[in-house]
Amino acid sequence: MDSVNSMILKCLQKNARMSNSEIGRRVGMSSPAVGERIKKMEDAEIIEGYTTFVSPFKTGYQLKALITLRAFMGMLKPFLEKVKTYDEVVNCYRITGNENIVMEVVLKNQQHLESFIDQLISYGETKTQIVLSQVVKHSEIKPLLPKS
C-alpha cells in the first residue's frame, strides 16, 4: 500500500462510480495506470466489492435496531448458519464479551421487531437497542501506510 493507492481508495470510497480518468486526474496518473492499480487491489482483496447504500426508512422500514445475542450452550454454531437467512439482518458480527453476536437489523414496525426477537430467543438471550439516528455514516477507511 502506497500513498497513490491510498488516494485512489479515498476517491472510490467517496464515489465508487468515479471514472478511472477522473481518479487519474486527481492522483496524477493515466486512466490505464489507475485501472491496473484498482485491479491489483481487487485481486489482493483490499477492495472487497462495490455497493449501493439504500435508505431503509425511504424503502418502508420504520425501525433500525442493534440486537445482541448471548447464545445458549451448543446454539452458537446453529445460529451462525441461521442468521444468514434472516432478511432483517443488515450486518452481523461475532464479538467478544458477555454476548456472542451483535446484529444491525431493519424492521417494518414494533410488531415486526417482536416477532423477530421471538425467532431469536430459541438461540439465546437477546438485548435490543433502537437506533435513534446515525452519527457517522459510511466513514472512510484510511489505509495504514508503511512508516518511512
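Which residues in α2 meet which residues in α3? Let's start there. One caution before the answer: this is a predicted model.

From α2, the residues are Asn20, Ser21, Ile23, Gly24 and Val27. They meet Ser31, Val34, Gly35 and Ile38 in α3. Sort that contact by class, and you get 4 nonpolar residues, 5 polar ones and no charged ones.

Now the geometry. Two packed helices are described by the angle between their axes and the distance between the axes. Helix α2 covers residues 20–27. Its axis and that of α3 are 8 Å apart, at an angle of about 100°. Angles of 65 to 115 degrees count as roughly perpendicular. So α2 and α3 are roughly perpendicular to each other.

Stay with α3, and bring in α1. Helix α1 is residues 3–14, and helix α3 is residues 31–43. Their axes come within 11 Å. The crossing angle is roughly 85°. That makes α1 roughly perpendicular to α3.

Who touches whom here? On the α1 side, look at Val4, Asn5, Ile8, Leu9 and Leu12. On the α3 side, look at Val34, Arg37, Ile38 and Met41. By class, this contact has 7 nonpolar residues, 1 polar and 1 charged. Keep an eye on Val34 and Ile38. They meet residues of α1, and they also meet residues of α2.

How much space lies in the largest pocket? About 760 Å³. It is lined by 21 residues. Closest to its centre are Leu12, Gln13, Gly49, Thr51 and Phe53. Leu12 is a residue we have met already, in the contact of α1 with α3.

On to the second largest pocket. Its volume is about 640 Å³. Here, too, 21 residues form the lining. Phe53, Lys64, Glu104, Gln134 and His138 are the closest to the centre.

β2 gives the most, with 3 residues. By class, the lining has 10 nonpolar, 8 polar and 3 charged residues.

To recap: α3 is roughly perpendicular to α1, and roughly perpendicular to α2.

Terms used. Residues are numbered from 1 along each chain as its sequence is written. This is a predicted model: local features need pLDDT of at least 70, side-chain atom pairs count only at pLDDT 80 or more; totals for chains, interfaces and linings use all residues. Side-chain values use heavy atoms; hydrogens and water are left out. Axes are lines fitted to C-alpha atoms, for helices over the stretch in contact, and angles run from 0 to 180 degrees between N-to-C directions. Helices (H or I, at least four residues) and strands (E, at least two) are DSSP runs, numbered from the N terminus. Angles under 35 degrees count as roughly parallel, over 145 as roughly antiparallel, 65 to 115 as roughly perpendicular and the rest as oblique. Contact means heavy atoms within 4.5 Å. Ala, Val, Leu, Ile, Met, Phe, Trp, Tyr, Cys and Pro count as nonpolar, Asp, Glu, Lys and Arg as charged, and the others, Gly among them, as polar. On a 1 Å grid over the protein atoms alone, a cavity is a set of points where a 1.4 Å probe fits but cannot get out, and a pocket is an open set with protein on both sides within 12 Å along at least five of seven lines; lining residues have an atom within 4 Å of a point. Grid points are joined across faces, edges and corners, and a volume is the space filled by probe spheres set on the points.
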